[in-house]
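Please look over the structure shown below, and keep it in view while you read the explanation that follows it.

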Amino acid sequence: MNNHEIDYRIHGEEMQCVEIELDPNESVISEPGSFMMMTEGIQMETMFGDGNEKGLMGKLFSAGKRLLTGENLFMTAYTNISSQKRQVSFAAPYSGKIIALDLSRLGGRVICQKDSFLCAAKGVSVGIEFQKKLGTGLFGGEGFIMQKLEGDGMSFVHSGGHVIEKQLQPGEILKIDTGCIVAFTKEVDYDIQFVGGIKNSIFGGEGLFFAQLRGPGTVWIQTLPISRLAARILQFGTGKKGEEGSVLGKLGNLLDGDGF
(Lines give C-alpha, C1' and ligand atoms only; values in the text may rest on other atoms or scores of the structure.)
Protein backbone atom coordinates (compact mmCIF):
# COMPACT_ATOMS: atom_id res chain seq x y z
CA MET A 1 0.00 0.00 0.00
CA ASN A 2 1.44 3.40 -0.98
CA ASN A 3 1.60 5.94 1.81
CA HIS A 4 -0.26 9.22 1.41
CA GLU A 5 2.08 12.18 0.78
CA ILE A 6 1.22 14.68 3.50
CA ASP A 7 2.58 18.16 4.23
CA TYR A 8 3.14 19.32 7.80
CA ARG A 9 4.27 22.11 10.13
CA ILE A 10 5.47 21.69 13.72
CA HIS A 11 4.43 24.54 16.05
CA GLY A 12 5.79 25.48 19.48
CA GLU A 13 8.98 24.93 21.42
CA GLU A 14 8.57 22.69 24.47
CA MET A 15 4.82 21.96 24.19
CA GLN A 16 4.58 21.18 20.51
CA CYS A 17 1.86 20.22 18.08
CA VAL A 18 2.06 19.13 14.45
CA GLU A 19 -0.33 20.49 11.81
CA ILE A 20 -0.96 18.11 8.92
CA GLU A 21 -2.18 19.55 5.63
CA LEU A 22 -4.24 17.07 3.64
CA ASP A 23 -5.03 17.26 -0.06
CA PRO A 24 -8.45 15.93 -1.15
CA ASN A 25 -8.79 12.20 -0.32
CA GLU A 26 -5.56 12.15 1.70
CA SER A 27 -5.60 10.61 5.20
CA VAL A 28 -3.55 10.55 8.35
CA ILE A 29 -3.78 8.03 11.23
CA SER A 30 -3.20 8.67 14.93
CA GLU A 31 -3.33 7.04 18.31
CA PRO A 32 -6.44 7.87 20.41
CA GLY A 33 -5.95 10.91 22.60
CA SER A 34 -3.55 12.83 20.36
CA PHE A 35 -6.14 14.82 18.37
CA MET A 36 -6.08 18.59 18.89
CA MET A 37 -8.17 20.33 16.20
CA MET A 38 -9.20 20.20 12.53
CA THR A 39 -10.84 22.35 9.90
CA GLU A 40 -14.21 21.63 8.31
CA GLY A 41 -14.21 18.98 5.59
CA ILE A 42 -12.26 16.27 7.41
CA GLN A 43 -13.97 12.99 8.27
CA MET A 44 -12.97 10.92 11.31
CA GLU A 45 -13.15 7.13 11.22
CA THR A 46 -12.22 4.75 14.02
CA MET A 47 -10.57 1.62 12.65
CA PHE A 48 -9.11 -1.61 13.91
CA GLY A 49 -5.33 -1.24 14.20
CA ASP A 50 -3.61 0.88 11.57
CA GLY A 51 -5.93 -0.28 8.77
CA ASN A 52 -3.25 -2.34 7.02
CA GLU A 53 -4.13 -5.75 8.48
CA LYS A 54 -5.35 -8.30 5.93
CA GLY A 55 -8.07 -10.84 6.80
CA LEU A 56 -9.59 -11.84 10.11
CA MET A 57 -6.52 -13.74 11.39
CA GLY A 58 -4.26 -10.83 10.58
CA LYS A 59 -6.50 -8.46 12.51
CA LEU A 60 -6.72 -10.82 15.51
CA PHE A 61 -2.95 -11.38 15.58
CA SER A 62 -2.34 -7.64 15.44
CA ALA A 63 -4.89 -7.08 18.20
CA GLY A 64 -3.19 -9.66 20.41
CA LYS A 65 0.18 -7.97 20.09
CA ARG A 66 -1.28 -4.54 20.83
CA LEU A 67 -3.11 -5.87 23.90
CA LEU A 68 0.08 -7.51 25.14
CA THR A 69 1.92 -4.20 25.08
CA GLY A 70 -0.91 -2.12 26.53
CA GLU A 71 -1.66 -0.28 23.28
CA ASN A 72 -5.15 0.68 22.16
CA LEU A 73 -6.84 -1.76 19.76
CA PHE A 74 -8.12 1.06 17.60
CA MET A 75 -6.68 4.03 15.73
CA THR A 76 -8.40 7.01 14.15
CA ALA A 77 -8.11 7.97 10.49
CA TYR A 78 -8.70 11.57 9.41
CA THR A 79 -9.58 11.93 5.72
CA ASN A 80 -10.06 15.11 3.70
CA ILE A 81 -13.39 14.57 1.94
CA SER A 82 -13.59 18.13 0.60
CA SER A 83 -12.25 19.51 -2.69
CA GLN A 84 -9.79 21.88 -0.97
CA LYS A 85 -6.74 21.50 1.24
CA ARG A 86 -7.68 20.96 4.89
CA GLN A 87 -5.70 20.80 8.15
CA VAL A 88 -5.74 18.57 11.22
CA SER A 89 -3.46 19.02 14.24
CA PHE A 90 -2.13 16.62 16.87
CA ALA A 91 -0.49 17.50 20.19
CA ALA A 92 2.13 15.71 22.24
CA PRO A 93 0.83 14.43 25.62
CA TYR A 94 3.66 15.96 27.68
CA SER A 95 6.44 18.52 27.40
CA GLY A 96 9.05 17.70 24.80
CA LYS A 97 9.72 17.62 21.08
CA ILE A 98 7.92 16.11 18.10
CA ILE A 99 10.22 14.31 15.65
CA ALA A 100 9.30 14.07 11.97
CA LEU A 101 10.49 10.80 10.40
CA ASP A 102 10.50 10.48 6.61
CA LEU A 103 10.51 6.69 6.30
CA SER A 104 11.36 6.86 2.60
CA ARG A 105 14.73 8.39 3.57
CA LEU A 106 15.29 6.13 6.58
CA GLY A 107 15.24 2.74 4.90
CA GLY A 108 11.49 2.22 5.24
CA ARG A 109 11.63 1.11 8.87
CA VAL A 110 12.21 2.83 12.24
CA ILE A 111 12.05 1.30 15.73
CA CYS A 112 10.73 3.59 18.49
CA GLN A 113 9.57 3.49 22.10
CA LYS A 114 6.15 1.85 22.26
CA ASP A 115 4.38 4.93 23.66
CA SER A 116 6.07 7.55 21.46
CA PHE A 117 4.02 7.22 18.24
CA LEU A 118 1.83 10.28 17.57
CA CYS A 119 0.53 10.12 13.98
CA ALA A 120 1.50 9.08 10.45
CA ALA A 121 0.42 9.20 6.85
CA LYS A 122 -2.22 6.64 5.93
CA GLY A 123 -0.46 3.50 4.74
CA VAL A 124 2.32 3.50 7.34
CA SER A 125 2.27 0.21 9.25
CA VAL A 126 2.42 0.58 13.04
CA GLY A 127 3.53 -2.73 14.52
CA ILE A 128 5.28 -4.21 17.52
CA GLU A 129 9.00 -4.99 17.64
CA PHE A 130 10.14 -7.63 20.12
CA GLN A 131 13.85 -7.63 20.91
CA LYS A 132 14.90 -11.21 20.22
CA LYS A 133 17.96 -11.54 22.47
CA LEU A 134 17.43 -13.27 25.83
CA GLY A 135 19.34 -10.64 27.80
CA THR A 136 17.31 -7.88 26.22
CA GLY A 137 14.09 -9.67 27.08
CA LEU A 138 14.98 -10.32 30.71
CA PHE A 139 16.61 -7.00 31.57
CA GLY A 140 15.70 -4.58 28.79
CA GLY A 141 13.07 -2.69 30.75
CA GLU A 142 11.51 -0.02 28.53
CA GLY A 143 13.57 -1.18 25.56
CA PHE A 144 12.30 -4.79 25.33
CA ILE A 145 8.98 -4.19 23.56
CA MET A 146 9.07 -1.34 21.07
CA GLN A 147 7.00 -0.03 18.17
CA LYS A 148 7.88 -0.60 14.53
CA LEU A 149 7.00 1.98 11.88
CA GLU A 150 7.20 0.68 8.31
CA GLY A 151 6.42 2.26 4.95
CA ASP A 152 7.60 5.17 2.83
CA GLY A 153 5.53 8.02 4.30
CA MET A 154 5.87 10.61 7.04
CA SER A 155 5.58 9.51 10.67
CA PHE A 156 5.69 11.60 13.84
CA VAL A 157 6.85 10.53 17.30
CA HIS A 158 7.11 12.59 20.48
CA SER A 159 9.77 12.66 23.16
CA GLY A 160 10.35 14.10 26.62
CA GLY A 161 12.57 17.13 27.11
CA HIS A 162 15.14 17.90 24.40
CA VAL A 163 16.01 15.61 21.49
CA ILE A 164 19.51 14.76 20.32
CA GLU A 165 20.00 13.08 16.95
CA LYS A 166 23.20 11.05 16.62
CA GLN A 167 24.66 9.45 13.50
CA LEU A 168 26.51 6.27 14.44
CA GLN A 169 29.35 5.13 12.18
CA PRO A 170 29.84 1.41 11.38
CA GLY A 171 30.94 -0.32 14.57
CA GLU A 172 30.51 2.79 16.73
CA ILE A 173 28.92 1.98 20.10
CA LEU A 174 26.67 4.20 22.20
CA LYS A 175 25.76 3.17 25.76
CA ILE A 176 22.51 4.72 26.94
CA ASP A 177 19.72 4.43 29.51
CA THR A 178 16.93 2.37 27.95
CA GLY A 179 14.31 5.02 28.72
CA CYS A 180 16.28 7.74 26.91
CA ILE A 181 15.94 6.03 23.53
CA VAL A 182 13.21 7.55 21.36
CA ALA A 183 13.90 5.79 18.06
CA PHE A 184 16.60 4.29 15.86
CA THR A 185 16.87 3.11 12.26
CA LYS A 186 16.71 -0.56 11.32
CA GLU A 187 20.47 -0.95 10.79
CA VAL A 188 21.28 -0.19 14.44
CA ASP A 189 22.02 -3.26 16.58
CA TYR A 190 20.29 -3.11 19.98
CA ASP A 191 21.51 -5.03 23.03
CA ILE A 192 21.53 -4.84 26.84
CA GLN A 193 24.75 -4.64 28.87
CA PHE A 194 25.43 -5.13 32.59
CA VAL A 195 26.78 -2.00 34.30
CA GLY A 196 29.44 -4.00 36.17
CA GLY A 197 31.21 -3.28 39.44
CA ILE A 198 29.70 -3.99 42.87
CA LYS A 199 29.68 -0.30 43.86
CA ASN A 200 27.96 0.70 40.61
CA SER A 201 25.37 -2.05 41.08
CA ILE A 202 24.52 -1.21 44.69
CA PHE A 203 25.09 2.54 44.96
CA GLY A 204 25.05 3.83 41.39
CA GLY A 205 21.36 4.69 41.33
CA GLU A 206 21.17 4.23 37.55
CA GLY A 207 19.98 0.63 37.38
CA LEU A 208 21.96 -2.56 36.73
CA PHE A 209 21.66 -2.52 32.94
CA PHE A 210 21.91 -0.06 30.08
CA ALA A 211 21.28 -0.27 26.35
CA GLN A 212 24.10 -0.66 23.87
CA LEU A 213 23.49 0.64 20.35
CA ARG A 214 25.97 -0.28 17.63
CA GLY A 215 26.14 1.56 14.30
CA PRO A 216 25.74 2.25 11.52
CA GLY A 217 22.48 4.16 11.74
CA THR A 218 20.65 7.08 13.28
CA VAL A 219 19.52 7.30 16.90
CA TRP A 220 17.14 9.85 18.47
CA ILE A 221 17.67 10.40 22.21
CA GLN A 222 15.41 12.18 24.73
CA THR A 223 16.71 13.99 27.79
CA LEU A 224 13.64 13.39 29.99
CA PRO A 225 11.83 10.04 29.66
CA ILE A 226 8.27 10.23 30.93
CA SER A 227 8.97 7.29 33.28
CA ARG A 228 11.77 9.24 34.95
CA LEU A 229 9.59 12.33 35.30
CA ALA A 230 6.69 10.29 36.72
CA ALA A 231 8.98 8.58 39.23
CA ARG A 232 10.34 11.91 40.45
CA ILE A 233 6.84 13.41 40.79
CA LEU A 234 5.70 10.33 42.73
CA GLN A 235 8.76 10.59 44.97
CA PHE A 236 7.97 14.17 45.91
CA GLY A 237 4.22 13.60 46.06
CA THR A 238 4.58 10.84 48.65
CA GLY A 239 6.79 12.97 50.87
CA LYS A 240 10.03 11.13 50.11
CA LYS A 241 11.94 14.24 49.20
CA GLY A 242 15.29 13.66 47.51
CA GLU A 243 18.36 14.95 49.30
CA GLU A 244 20.68 15.22 46.31
CA GLY A 245 22.45 18.52 45.81
CA SER A 246 23.16 19.21 49.50
CA VAL A 247 25.74 17.56 51.74
CA LEU A 248 23.63 18.60 54.73
CA GLY A 249 20.65 16.51 53.63
CA LYS A 250 17.50 17.32 55.58
CA LEU A 251 19.31 19.96 57.61
CA GLY A 252 20.18 21.69 54.35
CA ASN A 253 16.50 21.66 53.35
CA LEU A 254 15.58 23.35 56.62
CA LEU A 255 18.22 26.00 56.11
CA ASP A 256 17.15 26.83 52.56
CA GLY A 257 13.44 26.81 53.38
CA ASP A 258 12.49 23.66 51.46
CA GLY A 259 11.77 21.67 54.57
CA PHE A 260 8.74 23.66 55.69
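Cys180 counts as buried because its relative accessibility is 10%, where buried means under 20% relative accessible area, exposed means over 50%, and partly exposed lies in between, with a 1.4 Å probe and protein chains only. Cys119, at 0% relative accessibility, counts as buried too. If a disulfide is taken to be a pair of cysteine sulfur atoms within 2.5 Å, the count by this rule comes to 0 disulfides.

Before going further, please note that this is a predicted model, in which local features need pLDDT of at least 70 and side-chain atom pairs count only at pLDDT 80 or more, while totals for chains, interfaces and linings use all residues. Residues are numbered from 1 along each chain as its sequence is written, and side-chain values use heavy atoms, with hydrogens and water left out.

We can now turn to the strands, which are DSSP runs of E with at least two residues, numbered from the N terminus; two of them pair if DSSP finds at least two bridges between them. Strand 1, residues 7-11, and strand 2, residues 17-22, run antiparallel and are joined by 5 bridges, and Tyr8 has Ile20 in strand 2 as its bridge partner. These two strands form a hairpin with 5 residues between them, and in the turn Gly12 has a positive phi of about 95°.

Which order do the strands take in the open sheet of 6 strands? The order is 5-6-3-10-13-8, again with antiparallel pairing. Its edge strands are strand 5 (42-48) and strand 8 (98-102), each pairing on one side only, and neighbouring strands of this sheet are turned by 20° against each other on average, direction ignored. Strand 8 pairs with strand 13, residues 154-158, in the antiparallel sense over 5 bridges, and within strand 13 the bridge partner of Ile98 is His158.

Definitions and conventions: Helices (H or I, at least four residues) and strands (E, at least two) are DSSP runs, numbered from the N terminus. Axes are lines fitted to C-alpha atoms, for helices over the stretch in contact, and angles run from 0 to 180 degrees between N-to-C directions.
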